[in-house]
Amino acid sequence: MPRLLTLQRAARLVGVRRGALQSKIRSGELATFEGMVAAEDLLRAYPQARLEDNSALERLEAIKDSAFARRMRERLLPSSEALVARLSELSMERAQVQAQLEHYRTIVDELQAKLREPAASPAQLQGWLQQRLEPVAHGAQPLLAQESFLRIMTAHVQVKPSGREFFVDGNDSLLEAALRAGLSLDYGCSIGSCGKCKARILSGQAQRTRHSDYALTAAEKNAGVVLMCCNTALTDLVMEAREAHGAADMPLQTIDARVKSVSPLGDDVRLLHLQTPRSNRLRFLAGQSASLALADGIGASLPVASCPCDDRNLHFHVRRRAGDAFAERVFGGLKGVESVHIEGPRGEFVLNEESHRPLVFIAGESGFAPIKSLIEHAMALDVAESLHLAWVASDRRGLYLDNLCRSWGDALDNFHYTPLTELGAMSGETALQGLLQTLLQNQPRLADCDVYLAGPVSWVNAAEFQLLERGLPREQLFVSALES
């Protein structure tokens, strides 16, 4: 039987996105066995896969730096280079032995079939057996060796009943690694006090990494229940845990955060960075909003512009508008000692994680804030075949994070960025609608995509009409209309 790999691990081995593997599976270029792929098939699909790189060395160095004092590290452990070399050699030896066992198992199966053939003579069988026992080079050995090495450096975790997967690097907790991978697991305080992040280990071993004030019952311990925020993966794991499957699963929370910083993003936009207490973080889905209120009662409802993977550091894009008292306070310079009351999350402008269609994001002016959160979450999930961002603004000043979007396009081969502006004659919403029309003409297969649209109310309403007129199914259009 061939060695089977999960899609998550296979994608890491050959250095591609999981969505790219799923695309090859749908097209018939890569075979699957119960949702897994054979190492030999993977190598045939990616013959130029680079199986030797220094990423494992860099991870090991980071782990050692955070886990040991310099003196103890020098006394107890060899250098990271020596460890990587020894582990690589052992992994290759293991892969060779494994390949030989697979080869012999195949011979035994073939021999049993030949023995059932009445015409087979002993001499024929002996000649066939000698030929089959000759050493055979196995092209998948380097891939299997790299897979063994990867299992030493990182633990693979599968979550039931959803079947979602993630990797745990170093001494990260199960909760930290899951959030970084884009999963929406149930949790509360993140420090072992509330017990909301319970999970049941179905197979594999978890290891406690920190003390917890919450006491599990004897029955829970016997059943393999752990707190995800206080445990890491010692081996590959399968665990049962609660997940949020939509906005309705997110509880409304109230938190008093402090102003971390206020920094300019452009002439008329400020980045408001709020930091929550360590024991009371905002659990939200990408694309959702929160209500903010200052001590004197002045407030606003704004979309969260940051990724849910960092639930303690919340970013909001505040645009200066006439008559907006909250914006004036932000532009006037909120101080780090000031407290901001947060209530949220709210809204259903969230990613459809069950879909594997290409994603198109259309942001009008400061509608980029919730779109940014969605894009960063989609990148963490790594399942979409492609991502296309169109940021529509009446002039260049409206593209206040243009460099960030361009850096995404430079770093990711499946990400495309289209800034749409027109200086001069056209201005305001008229310009935005005209530029949107240009975008739609360049998207001939829009009906095959999921489209996420955010911007000023009147502009969004016009854009929504145009998208539906061009054949986009209603269930594939997700809309967030912001106050003008």
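**Entry 1: Arg-357**

I began with the neighbours of Arg-357 and, leaving out residues up to four places away in sequence, I found that it touches Asn-352, Ala-384, Asp-448, Cys-449, Asp-450 and Gln-476. Contact here means heavy atoms within 4.5 Å. Arg-357 has its place in the loop between β15 and β16. I also looked up Val-451: it is 94 residues from Arg-357 in sequence, but 9.7 Å away in space, C-alpha to C-alpha. Buried or exposed, or partly exposed, is how I sort residues: under 20% relative accessible area is buried, over 50% exposed and in between partly exposed, with a 1.4 Å probe and protein chains only. Arg-357 has 31% relative accessibility, so I put it down as partly exposed.

**Entry 2: ground rules**

I noted that this is a predicted model, where local features need pLDDT of at least 70 and side-chain atom pairs count only at pLDDT 80 or more, while totals for chains, interfaces and linings use all residues. Residues are numbered from 1 along each chain as its sequence is written, and side-chain values use heavy atoms, with hydrogens and water left out.

**Entry 3: the whole chain**

I counted 15 helices and 20 strands in the chain; these are DSSP runs numbered from the N terminus, helices being H or I of at least four residues and strands E of at least two. Of the 484 residues in the chain, 48% are buried. Among contacts between residues at least 6 apart in sequence, 71% join residues at least 24 apart.

**Entry 4: aromatic rings**

Next came rings of Phe, Tyr and Trp (its six-membered ring), which pair if their centres lie within 6.5 Å; planes under 30 degrees apart count as stacked, over 60 as edge-to-face and the rest as tilted. How many aromatic pairs does this rule give? The count is seven. For Phe-349 and Tyr-452 I read 6.1 Å between ring centres and 65° between planes, so this pair is edge-to-face. It links distant parts of the chain, 103 residues apart: Phe-349 is in the loop between β15 (339-346) and β16 (359-364), and Tyr-452 is in strand β19 (residues 450-456). Both Phe-349 and Tyr-452 are buried.

Phe-368 and Trp-391 have ring centres 4.0 Å apart and planes at 10°, so I logged them as stacked. Phe-368 belongs to helix α12 (residues 368-381) and Trp-391 to strand β17 (residues 387-392), so the pair ties together parts 23 residues apart in sequence. Phe-368 is buried at 0% relative accessible area, and Trp-391 is buried at 0%. I also found a cluster in which ring pairs link Phe-349, Phe-361, Tyr-452 and Phe-478.

**Entry 5: helix packing**

Axes are lines fitted to C-alpha atoms, for helices over the stretch in contact, with angles from 0 to 180 degrees between N-to-C directions. α12 packs with helix α13 (residues 402-411) at about 20°, their axes 13 Å apart. That makes the two helices, α12 and α13, roughly parallel; the label covers angles under 35 degrees, with over 145 roughly antiparallel, 65 to 115 roughly perpendicular and the rest oblique. On the α12 side I listed Phe-368, Lys-372, Ile-375, Glu-376 and Met-379, which meet Leu-404, Cys-405 and Trp-408 in α13.
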